[in-house]
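Hi,

Here is the structure I promised to pass on.

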Amino acid sequence: MIRLKYVVNDFEQMVDDWSKILKTKTDNHHLTMPVSVGTGYVYGKIINEAMSFLVMNIKFNDDIVLQRKKVDEVNLLLYFIQVNVANFYKIETDIDKAEYNKNTRRRTIFLSSTNYPLEITYSKGTEIKLIGIYFKSSLVRKFFKKDIYHYLTEYSQVRLKDHDAKTISEEEDKLLKEIFETDLTEEFGRLVLHNRILFLVEKILNRFLLNELPASKTKGLRRKDVEGLKEIEYILSKKELDKFPTIKELSRIALMSSSKLKNRFKEVYGMKLYEFYNYNRLLKAKRWIETGETNVKEAAHRIGFSNLSNFSKAFKKEFGLLPSKVKTG
């Protein structure tokens with residue numbers, strides 16, 4: 001049995017630490033597994049001073065234990081996990097544990113944090129494909145509102161309670177396949193990988209904030225009010241609208257007074273109605289540009305901007321860059 005002890009301060013350093021324990025070398029933080037350990041690789045990359053990602057694609061040739069030590073700071077770790085268990089697979093924290101038997105297939109998303117220990121044991125023959133994203137707490141505090149920051153950090157502390165509750169969606173699975181098919185030996189491949197990782201993070205965080213966070217805030221509300229809010233959320237985020245509906249129209253649909261709708265929506269979704277609508281239409285435009293579905297001008301027109309300059313200003317305010325600078329995949 002092989003045991004790797006480590007801490008996570010960034011994934012580049014973690015991969016380099018593993019290479020020292022295994023007495024081998026990395027190529028630009030790309031570690032090819034020694035045959036005694038398994039076939040495949042681990043790759044770590046720093047995105048900025050507060051964020052890094054990990055790609056792991058391995059079939060183990062021996063039982064292996066990954067033992068993560070805790071650090072004091074609550075930094076978030078988001079994992080997309082795909083495991084085909086050969087004999088056994090075990091996860092253990094300081095307060096709970098989970099075990100999986102022979103021939104189990106696990107496809108899940110797991111939000112963890114660095115302030116508690118985690119030990120994972122894989123049996124010989126087990127196959128693991130994993131994407132991990134590390135967020136320093138300062139980054140989460142900077143870019144998310146206080147209630148969202150507290151929700152994400154609190155959720156990360158439930159340990160293994162909901163570790164299989166968040167399954168990988170069909171769209172996320174497609175992105176993961178593209179990531180694992182990327183050639184990491186070429187510079188262009190690493191650039192594509194970087195882009196795909198950020199797109200994946202954007203999708204899952206949007207899913208957390210539009211589904212899990214509102215659900216946690218609707219407890220105690222009347223069922224009709226919750227249904228009304230969900231209908232408004234669908235209209236403002238999913239439908240393609242020529243313009244923002246009037247508050248009167250939205251109130252009629254939600255079966256609430258205007259003041260009640262505005263207050264309840266802000267409480268649950270953390271944004272005012274127009275702010276929520278504007279963010280989601282710009283997010284749609286960003287995705288269309290990234291995937292090549294539209295060019296910048298077409299994206300602007302499709303979400304209701306007749307003036308390209310105004311679209312560019314709004315886009316940069318929301319995402320920190322001009323739409324013309326978005327990398328297409």
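Predicted model: local features only at pLDDT ≥ 70, side-chain atom pairs only at ≥ 80, totals over all residues.

Residues are numbered from 1 along each chain as its sequence is written, and side-chain values use heavy atoms, with hydrogens and water left out.

**Overall fold**

The protein has eleven helices and eleven strands (DSSP runs numbered from the N terminus: H or I of at least four residues for helices, E of at least two for strands). Its radius of gyration is 22 Å, close to the 20 Å that the globule rule gives for 329 residues, so it is as compact as a globular protein of that length (the radius is taken over C-alpha atoms, and the rule is 2.2 Å times the number of residues to the power 0.38). The C-alpha trace spans about 65 × 45 × 35 Å along the principal axes. Buried residues account for 51% of the 329 (buried is under 20% relative accessible area, exposed over 50%, partly exposed in between, with a 1.4 Å probe and protein chains only). Of the contacts with a separation of 6 or more, 69% are between residues 24 or more positions apart (contact means heavy atoms within 4.5 Å).

**Cavities**

There are five cavities of 30 Å³ or more. A cavity here is a set of points on a 1 Å grid over the protein atoms alone where a 1.4 Å probe fits but cannot get out, and lining residues have an atom within 4 Å of a point. Points are joined across faces, edges and corners, and the volume is the space filled by probe spheres set on them.

The largest cavity holds about 160 Å³. It is lined by 17 residues, and the closest to its centre are Tyr6, Tyr79, Ile120, Tyr122 and Leu130. Elements that each give at least two lining residues include α1 (11–21), β4 (51–60) and β6 (76–84), while β10 has the largest share, with three. By class, the lining has 15 nonpolar, no polar and two charged residues (nonpolar is Ala, Val, Leu, Ile, Met, Phe, Trp, Tyr, Cys and Pro; charged is Asp, Glu, Lys and Arg; the others, Gly among them, are polar).

**Salt bridges**

I get 14 of these, counting a side-chain nitrogen of Lys or Arg within 4 Å of a carboxyl oxygen of Asp or Glu.

Asp94 pairs with Arg159, with the closest N and O atoms 2.9 Å apart. Asp94 sits in the loop between β7 and β8 (97–100) and Arg159 in the loop between α3 (146–156) and α4 (170–180), so the pair ties together parts that are 65 residues apart in sequence. Asp94 is partly exposed at 44% relative accessible area, whereas Arg159 is buried at 12%.

Asp225 and Lys260 also meet in a salt bridge, at 3.0 Å from N to O. Here helix α6 supplies Asp225 and helix α8 (residues 258–269) supplies Lys260, so this pair ties together parts that are 35 residues apart in sequence. Asp225 is buried at 5%, and Lys260 is partly exposed at 26%.

Within helix α6 (residues 223–237), Arg223 and Glu227 are four residues apart, about one turn, and form a salt bridge at 3.2 Å.

Cheers

Definitions and conventions. 1 Å grid on protein atoms, 1.4 Å probe; cavity = no way out; pocket = protein on both sides within 12 Å on 5 of 7 lines; lining within 4 Å.
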